[in-house]
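Here is a short report on one protein chain. Look over the sequence and the structure first, then read on.

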Amino acid sequence: MKQKLTFLFIALTVLAVSCTSVPTEIPEDLTAREIVQYAQTAYDEGNTKIAEKYYQALLDRYGDDMNYYIEAKFEIAHLYIKKKKWDKAEPILKEILTIYENSLPGQYTPSFKKLAELDYAKIPVKEE
C-alpha cells in the first residue's frame, strides 16, 4: 500500500510539473487563431507562463496585422495586471490606447480598447 501511494505521489508530481512547463517550441504551422486558442487554454488552466509564450508567438508571427498586434499586446498586459506587475502592464496599455486614439473609428477590434481602458484603470496611481 505504501509503495502504491509513493508511486501515485511521484506520478502526480511529474504530471503537475509537465503541465506547468513552458513549451520549448510552438509549431510553426499554427494559425493566429490556433495560437490564441492555445494561449487562452493555458491561461484558463492557470499556466500564465505558457499563455504569455503563445501570445508572444502571436506577436512575433502575426504582429504585422494590427488587430493581432493589439490582441497579443493586450493579453500580455492583462497577464501582468493579474500578477499586479503594474510597471510592466502600464506602458503596454498606454501603447494600445494610443493606437486607438490615432486610428479611425472601427479600424481595429473595438473590444480591446474598452478592455485596455478597464485594465489601465486598475493600475494604482503613483504618488509623487
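This is a predicted model: local features need pLDDT of at least 70, side-chain atom pairs count only at pLDDT 80 or more; totals for chains, interfaces and linings use all residues.

Which residues of H5 are buried? They are Ala89, Glu90, Ile92, Leu93, Ile96, Leu97, Ile99 and Tyr100. An α-helix has 3.6 residues a turn, so residues three or four places apart point the same way.

The length of H5 can be checked. H5 covers residues 86–101, and at 1.5 Å a residue its 16 residues should span 22 Å. The C-alpha atoms at its ends are 22 Å apart, so expectation and model agree.

## The chain as a whole

The chain has six helices and zero strands. Read from the N terminus, its elements run α-α-α-α-α-α. The chain has 128 residues, and 34% of them are buried.

Take the contacts between residues at least 6 apart in sequence: 59% of these join residues at least 24 apart. The chain exposes about 8800 Å². Carbon and sulfur atoms supply 57% of that area.

## Helix H4

H4 is largely enclosed by the rest of the structure, because 14 of its 17 residues are buried. Its length also fits. At 1.5 Å a residue, the 17 residues should span 24 Å, and the end C-alpha atoms are 24 Å apart.

What caps the N-terminal end of H4? Asp65 does: one of its side-chain oxygens lies 2.9 Å from the backbone nitrogen of Asn67. Just after H4, Lys84 takes a positive phi of about 60°.

## Helix H3 and a tyrosine pair

Helix H3 covers residues 48–62. Its 15 residues should span 21 Å at 1.5 Å a residue; the end C-alpha atoms are 20 Å apart, which agrees. The buried residues of H3 are Ile50, Ala51, Tyr54, Tyr55, Ala57, Leu58 and Leu59.

The structure holds four aromatic pairs. One of them joins Tyr38 and Tyr54: the ring centres are 5.5 Å apart and the planes lie at 15°, so the pair is stacked. The cut-off for stacked is under 30 degrees. Tyr38 lies in helix H2 (residues 32–44) and Tyr54 in helix H3, so the pair ties together parts 16 residues apart in sequence.

Are the two partners buried or exposed? Tyr54 counts as buried, at 10% relative accessibility. Tyr38 is partly exposed, with a relative accessible area of 43%. Buried requires under 20%.

Ser103 lies in the loop between H5 and H6. Ser103 is buried, with a relative accessible area of 16%. A polar atom of its side chain lies 3.0 Å from the backbone oxygen of Tyr100. Tyr100 is itself one of the buried residues of H5.

## The segment after H6

Where does Pro124 lie? Pro124 is in the segment after H6. Pro124 is partly exposed, at a relative accessible area of 42%.

Pro124 and Trp86 are 38 residues apart in sequence. In space, their C-alpha atoms are 7.7 Å apart.

Conventions
Residues are numbered from 1 along each chain as its sequence is written. Side-chain values use heavy atoms; hydrogens and water are left out. Helices (H or I, at least four residues) and strands (E, at least two) are DSSP runs, numbered from the N terminus. The expected span of a helix is 1.5 Å times one less than its number of residues. Buried means under 20% relative accessible area, exposed over 50%, partly exposed in between (1.4 Å probe, protein chains only). Contact means heavy atoms within 4.5 Å. Accessible areas come from the Shrake-Rupley method with a 1.4 Å probe; for residues, only the protein chains shown count as cover. Rings of Phe, Tyr and Trp (its six-membered ring) pair if their centres lie within 6.5 Å; planes under 30 degrees apart count as stacked, over 60 as edge-to-face and the rest as tilted. A polar contact is a pair of N or O atoms within 3.5 Å; within protein, one must be able to donate a hydrogen and the other to accept it, and residues adjacent in sequence count only if both atoms are side-chain atoms.
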